[in-house]
Amino acid sequence: MPSADLPAPATVEATVLRGKQLFNSAIGPVGAAANSQRPSGRMSDTGWGTCYSCHPNGLTDSVTWMFADGPRQAISMESTFPFGAAVIVNGAPALPESHMRALNWSAVRDEVPDFERNIRAVSGGGGLIPGIAEGAAGLANVPDLTPVANTGRSADLDSIATYLALGVRAPISPVSSHTVKKGRTLFAEAGCQNCHGGPNWTISALDFTPPPAASQIADAQLVKFLCRVGTFDPNLFADGVSNEIRANNAANVQARGILGFNPPSLVSVFASAPYLHSGAAATLDAVLENVTHRSVGRADGLDTLTDPHDRKELVRFLESIDRGTEPFLNVIIPPRACGPR
Ligand code: HEC
Ligand code: HEC
């Protein structure tokens, strides 16, 4: 097997490796609770599951999970941080300097260390933050947004953030950029870049140091980052199609989404079907069948993509986007679809 020397201790490379080790491990450091002692550890309940199981190589398992906010497609993390832009301070990406996306489809989180909640609540592990109760009993001390930031509470947890910022590689598209000129023009004409533009192919980027001001939050979401593009189907059960319901909820409470969604990056989107927060679109063609979504980027609201042949050309362009594709840098944020209602 090929092998390499370990990075020197106390370097950023060593932090990335530690983060990757924890991310890929069902075990992690030993805890005090019965389910976090050797041979298991604090990363999951008796060592049953890892971050990697839903995010292979930091990417996505393509599964729609029923989570507390509703049906949620596992998010591929090659573009949670723009490539090479993270500023690492004390072993963690500094925010907002690292230009990280607001996190999750509903913009309910603002730091990777908030995913301590997944270790405890989803994987049933002890958790990495010391000094609070292990497992679900400590969850109240691990907030999503306010009142405190979770960065800086555990060097191990911070190292996972640094791994995601620096150590996840975007899949390389097999489609050559030379065959997609028409599709690229159609993308610009439709104003897709007004939400999927900028160096990271999304306008979603933190502009504050966590925690956020309470005024930025509505229904637990950072509302400023939410855009309404006609992809939320509120007719739970009535149309026999909608799966917009929260997990483990006997009362059938409607999922989050009525306020809009956090625009995903389009980097390597060819590799992450099915699409949208709920996995409702099996293909990129299906994403573009939605007239509201495909025309919302233009100030005049004109649908420039009525011709299915044009949509095929645009899909071909979408399939070609990877880290090597030149992004659209002239972004005008369309106020009518994004931000607080
Ligand atoms: C059971 C499957 C599952 C496991 C295990 C899991 N995730 Fe996720 N992850 C998801 C899903 C689903 C989403 C989207 C959730 C949403 O939008 O509400 C997500 C989203 C994320 C995001 C947001 C990325 C972005 O750009 O918005 C981060 C960061 C993340 N996960 C990190 C982790 C870490 C770290 C672990 C291990 C501690 C982990 N995940 C374990 C399924 C999982
Ligand atoms: C007003 C902002 C906005 C504009 C303009 C916009 N989108 Fe989107 N796009 C979004 C949001 C928000 C989502 C997520 C919706 C959801 O999950 O329900 C999304 C999702 C997508 C996805 C699915 C990605 C994934 O990982 O699941 C693709 C592909 C996409 N858009 C392509 C386009 C194209 C092509 C255009 C132009 C024709 C466009 N978008 C215009 C906001 C926008």
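Predicted model: local features only at pLDDT ≥ 70, side-chain atom pairs only at ≥ 80, totals over all residues.
As for bookkeeping, residues are numbered from 1 along each chain as its sequence is written, chains are lettered from A and ligands numbered from 1 in the order in which they are written, and side-chain values use heavy atoms, with hydrogens and water left out.

So where are the two domains? Domain 1 covers 12-166 and domain 2 covers 177-320, with bounds that come from an automatic or database domain assignment. Their contact draws 36 residues from domain 1 and 38 residues from domain 2, contact meaning heavy atoms within 4.5 Å. Taken over C-alpha atoms, the domain centres are 25 Å apart.

Now for what crosses that interface. The rule picks out 15 residue pairs in polar contact between domain 1 and domain 2, both residues at pLDDT 80 or more. A polar contact is a pair of N or O atoms within 3.5 Å; within protein, one must be able to donate a hydrogen and the other to accept it, and residues adjacent in sequence count only if both atoms are side-chain atoms. On the side of domain 1 that touches domain 2, the elements giving two or more residues are β1 (64-67) and β2 (70-73), and β2 gives the most, with 4 residues. Helices (H or I, at least four residues) and strands (E, at least two) are DSSP runs, numbered from the N terminus. By class, that side of domain 1 has 18 nonpolar, 11 polar and 7 charged residues. Ala, Val, Leu, Ile, Met, Phe, Trp, Tyr, Cys and Pro count as nonpolar, Asp, Glu, Lys and Arg as charged, and the others, Gly among them, as polar.

The count of salt bridges between the two domains is 1, and the side chains of Arg256 and Asp69 meet in a salt bridge at 2.7 Å, N to O. The rule for a salt bridge is a side-chain nitrogen of Lys or Arg within 4 Å of a carboxyl oxygen of Asp or Glu. Search the whole structure and you get 12 salt bridges. Take Arg18 and Asp156, whose closest N and O atoms are 2.9 Å apart: this pair links helix α1 (residues 12-23) to helix α3 (residues 155-166), 138 residues apart.

On to the ligands. Around ligand 1 there are 22 residues, and Cys51, Cys54, His55, Thr80 and Trp105 come nearest; near means that a heavy atom of the residue lies within 4 Å. A polar side-chain atom of His55 sits 2.8 Å from a nitrogen atom of ligand 1. Oxygen atoms of ligand 1 come up too, with a side-chain N or O atom of Thr80 at 2.7 Å from one and a backbone N or O atom of Asn104 at 2.9 Å from one.

Ligand 2 has 28 residues around it, with Cys192, Cys195, His196, Thr231 and His293 nearest. Polar side-chain atoms of His196 and His293 each lie 2.8 Å from a nitrogen atom of ligand 2, while one of His277 is 2.7 Å from an oxygen atom.

Last, some backbone geometry. The Arg38 to Pro39 peptide bond is cis, omega near 15 degrees, and Pro39 is in the loop between α1 and β1.
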